[in-house]
Amino acid sequence: MSQYQAPLNDIYFNLFDVWQLDQYWQQQSQLADLIEADTAKAILEEAAKICEQQIAPFASSADTVGAKLVNGKVLLPEHYHTAYKSLSEGGWTGLSGDAEFGGMGMPKALSMMVDEMLCSADIAFSLYPGLTAGACVALLQHADEATKKTYLPKMYSGEWSGTMCLTESHAGSDLGIMRTVAKPTDDGSYQITGSKIFITAGEHELTSNIVHLVLAKLPDAPAGSRGISLFLVPKYLPDASGQAGERNKVTVGSIEHKMGINGSATCVLNFDDARGYLIGEPHRGLACMFTMMNYERLSMGSQGLGAAERAYQNAVSYAKDRLQGRISEKDPNKAESILGHADVRRMLLNIKAMNEAGRTFATWVASLLDKAKYDNCQQSAQRANLLTPIAKAFMTDQGFDSCVIAQQVFGGHGYVKEWGMEQLVRDVRIAQIYEGTNGIQAADFMLRKVAADKGDALLKLLAEIKQDILAQPIDITISLTSYIDQLVQFTKAVIAQDSRAQSANACDFLALVSYILYGYMWYKNLAALKVEVHSSTFITAKQYTAAYFFTRVLPKVDGLLSLLRHDSALVDKLTVEQF
């Protein structure tokens, strides 16, 4: 019974009013003839139709059917094949792909909006095109020209798909101790041997070939993560004409039985002297893989936002229809909808306030990635790198929390399958875990993004944000700039801490920065409202939601600051036995 309608009005508002990206596209030589506002709207409207009509209505059945391993083949829900074909034929699988190799060449800020819609429709399904897009980014940046010409056109077209093969059962996030090996052969290829686990879309019949990007170690590799190389290992080896030919020695050992995203084939893959090809330089595999990580981790944020958007829409619909409680002052015997209850409104406003700020934040990060790419802007690249852990960790934390809150609006009905809310909670939970757990993201943000440069990138960003707010002051300017000032002072204090204290404070510090940046997102929303462009209903809804955020959500910063100012040494007081 769960429904979905793409939030196109808010998407357009973020692209064209808040960040004015249509103006940027027209000023950028590589994009001016390719994309403007009307074209972008047409693309998004067509993507919305596919998500609303071909994917979202069947997400529940996909969850029930799941992915099944039968005689060495992974079988997926039948409608996945139809929906994937529609995506491929419409060019959606190559939306942001390089035009030289058959992609549509669209900016990330546009494809990110399609990512959100796909995640709202069905997170499990979204992973098949999503992993392919990520693999294409790595190949585009690091593969040689012959490899690009062989693989990218077919991956952009949706004929072939891609994976990332990083994790091993004994290693987890510690990639430096992986055991998969790559032995050179006389023809310049490599024999790849080892097992990888948790491989999303690792085996299926949606596409005629699957291109695995595999991390492995050469025989002469130095110890640790500095000894990892990246290899392309296709399921089927291309023949002389570039078509899928001989089956490579890659087999699926099993598929995981998971809490959620049951339509996603999460596989154990065994490589037994499988033929692979080196991508990039030897021992530089992690650097190659991390090229795609900013894009992939923004996609993780889209999973949190997409699930929360669908959860919100269904919770609002239920709250309007559900008659419960006699709260009418005019007629005490009349049952009214639960939307009249203050607590229900509180829950819905919490979700709405975080969703709309999250969409603005994701658009910002995507636009930075575009400017880093098209303008070769180092500052944009640095800022995207700084903000990526927030996009991944905070957006997925908020996405999960919002789905749980929306489920609560349904009461007991939220706990049963027919309403679809429990599936959203189960599906979005993984977004906090894979692509680097949110604790790892927080540690990365604190230690590598903030402490490593003595807070320089973050402090410069905060200074520019404050200057932007003061240049066009509105009623929330004083409170928001006050929080920014406090964050600046605490950032200077935290970079003076030792690394153990920084690690203990990392998750709370990331949340602190995130709430303040979301405050800036709401400032940008308010500053973009224009009576000559937007309806009075749209304007007042934005204004009241912003007011709710600033009075009932942003003050969480006070608690985080108080917490962070206390000694973190207590985390180390218990002995191992006392745990």
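Me: What percentage of the 579 residues of the protein count as buried?
Reply: The model is predicted, so-called local features need pLDDT of at least 70 and side-chain atom pairs count only at pLDDT 80 or more, while totals for chains, interfaces and linings use all residues. Residues are numbered from 1 along each chain as its sequence is written, and side-chain values use heavy atoms, with hydrogens and water left out. Buried means under 20% relative accessible area, with a 1.4 Å probe and protein chains only. Of the 579 residues, the share that counts as buried is 57%.

Me: What radius of gyration does the protein have?
Reply: The radius is taken over C-alpha atoms, and the globule rule is 2.2 Å times the number of residues to the power 0.38. For 579 residues a compact globule would have a value near 25 Å, and the protein agrees with this at 24 Å.

Me: Is T388 buried or exposed?
Reply: T388 has its place in helix α12, residues 378–409; helices are DSSP runs of H or I with at least four residues, numbered from the N terminus. Because its relative accessible area is 3%, T388 is buried.

Me: Which residues does T388 touch, not counting those up to four places away in sequence?
Reply: A contact means heavy atoms within 4.5 Å. With residues up to four places away in sequence not counted, T388 touches M293, N294 and R297.

Me: Among contacts between residues at least 6 apart in sequence, what percentage join residues at least 24 apart?
Reply: The count takes in contacts in the protein between residues at least 6 apart in sequence. Of these, the share joining residues at least 24 apart is 73%.

Definitions and conventions. Buried means under 20% relative accessible area, exposed over 50%, partly exposed in between (1.4 Å probe, protein chains only). Helices (H or I, at least four residues) and strands (E, at least two) are DSSP runs, numbered from the N terminus.
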